[in-house]
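Please look over the sequence and the model shown here before reading on. The text after it is meant to be read with the model open.

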Amino acid sequence: MFSYVKALQYSQLPINISRTWISITRPLTSTSNNDIPNFDMENPFEKEKPKCILCKYDITPDYKNVKLLSQFQSPYTGRIYGKHITGLCTEKQRQVEWEISKAQRAGIMASYLKEPCFIKDPKLFDSENPIRPHRFE
Amino acid sequence: MITYELMILFRLMSKPELVNTLKRTAQTLYNRGGIIRKLENLGTRDMPFKISSHGVVYNKASYYLFIFNSPPASIPDLLDEYERDIDIIRRKIFKQETPEFKECTLHEELQPPPYRKSVQELIAQARKLDKPKFKYNTGLDYYPFQK
Ligand SMILES: [Zn+2]
């Protein structure tokens, strides 16, 4: 009985040692690139580019749409606000001014006043606080 | 083929008269080689400003919109013919065009002036007016003699 147990211990010991050795010696040559950060990715913290209100909703101003065009007109003098007040990009401001000019020539839009039916329309921008002091560069 | 829009303002008329005038307007278009794509009634209302034509001052008008195709050479004739029509207060012909899509450039325009492209162009334009400066061509970055 005794001899049997002893023989078992002797027989088990070297096997166990060899097993642990296998587990320790991990092959170092096979390096996986999963943990290296991708340096070529886009800046994840980049802010969204601001868009003017007409580009945002994809609106093309039309000379027949007087209700929209009159929102860019001063209620006091009928003057067209510049892009430093309206906050439009250069292209949209040019389109709006050209369409207003067409509407006024065609006799569908007032030029010396904002028509009273449009006075209470919601305001697209604050005419009292321009973005820049003037409409030039 | 260019599509035109004719914005036309008629004086206030009774219905048969208006029908006559509309027919006459359309007939003029056909006679000049045009075809009508669409005719829209934009209503009768107060004009935003009074308009005097043919010696009468009008405050109200009936608005009509013709969308038509016509040879470009016929446009001056059409305008001339409509101008002589005493039922027409005002007529304007505009080209119908869809502007090509452009990205919004607002983010560039909101930058401080020295970063804006238009300002940089202005500065470059101003630099062209500078007087030419004499170059010594000594290959040195300083003046070797006593000044
Ligand atoms: Zn825009």
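This is a predicted model: local features need pLDDT of at least 70, side-chain atom pairs count only at pLDDT 80 or more; totals for chains, interfaces and linings use all residues.

Residues are numbered from 1 along each chain as its sequence is written, chains are lettered from A and ligands numbered from 1 in the order in which they are written, and side-chain values use heavy atoms, with hydrogens and water left out.

Chain A has five helices and zero strands. Helices and strands here are DSSP runs numbered from the N terminus, a helix being H or I with at least four residues and a strand being E with at least two. Read from the N terminus, the order of elements in chain A is α-α-α-α-α. Of the 137 residues in chain A, 32% are buried; buried means under 20% relative accessible area, exposed means over 50%, and partly exposed is in between, with a 1.4 Å probe and protein chains only. Contact means heavy atoms within 4.5 Å. Among the contacts in chain A between residues at least 6 apart in sequence, 72% join residues at least 24 apart.

A:Lys83 is part of helix H4 (residues 83-86) of chain A. Is this lysine, A:Lys83, buried or exposed? A:Lys83 counts as buried because its relative accessibility is 13%. Apart from neighbours within four places in sequence, A:Lys83 is in contact with A:Leu88, A:Thr90, A:Gln93, A:Ile131, A:Arg132, A:Arg135 and A:Glu137.

In chain B, strand S3 (residues 56-69) has 10 of its 14 residues buried, so S3 is largely enclosed by the rest of the structure. Two strands pair if DSSP finds at least two bridges between them. S3 of chain B pairs with strand S1 (residues 3-10) in the antiparallel sense over eight bridges, and B:Phe10 has B:Ser62 in S3 as its bridge partner. S3 also pairs with strand S2 (residues 35-53) of chain B, again in the antiparallel sense, over 13 bridges. In S3, B:Ile67 stands opposite B:Lys38.

Two residues show how side chains meet around this pairing. B:Arg37 lies in strand S2 of chain B and counts as exposed, at 51% relative accessibility. The C-alpha atoms of B:Arg37 and B:Phe66 are separated by 7.6 Å, although the two residues are 29 residues apart along the chain. Not counting residues up to four places away in sequence, B:Arg37 touches B:Met1, B:Thr3, B:Ile67, B:Phe68 and B:Asn69. B:Thr3, in strand S1 of chain B, is buried, with a relative accessible area of 17%. B:Asn69 has side-chain polar contacts with B:Arg37, at 2.3 Å, and with B:Thr3, at 3.2 Å. A polar contact is a pair of N or O atoms within 3.5 Å; within protein, one must be able to donate a hydrogen and the other to accept it, and residues adjacent in sequence count only if both atoms are side-chain atoms.

How many residues does each chain bring to the contact? Chain A gives 27 residues and chain B gives 24 residues. The area buried between chain A and chain B is about 2,300 Å², with 60% of it from carbon and sulfur atoms; buried area is the accessible area (1.4 Å probe) that two parts lose on being put together, summed over both. Three salt bridges are found across the interface, a salt bridge being a side-chain nitrogen of Lys or Arg within 4 Å of a carboxyl oxygen of Asp or Glu. A:Lys64 forms a salt bridge with B:Glu5, with the closest N and O atoms 2.9 Å apart. On the side of chain A that touches chain B, helix H5 (residues 90-106) of chain A gives the most, with seven residues.

Backbone angles come last. Most residues other than glycine have a negative phi. A:Asp58, which is not a glycine, has a positive phi of about 55°. A:Asp58 lies in the loop between helix H2 (53-56) and helix H3 (66-69) of chain A. B:Asn137 likewise has a positive phi, near 55°, and is found in the segment after helix H4 (117-127) of chain B.
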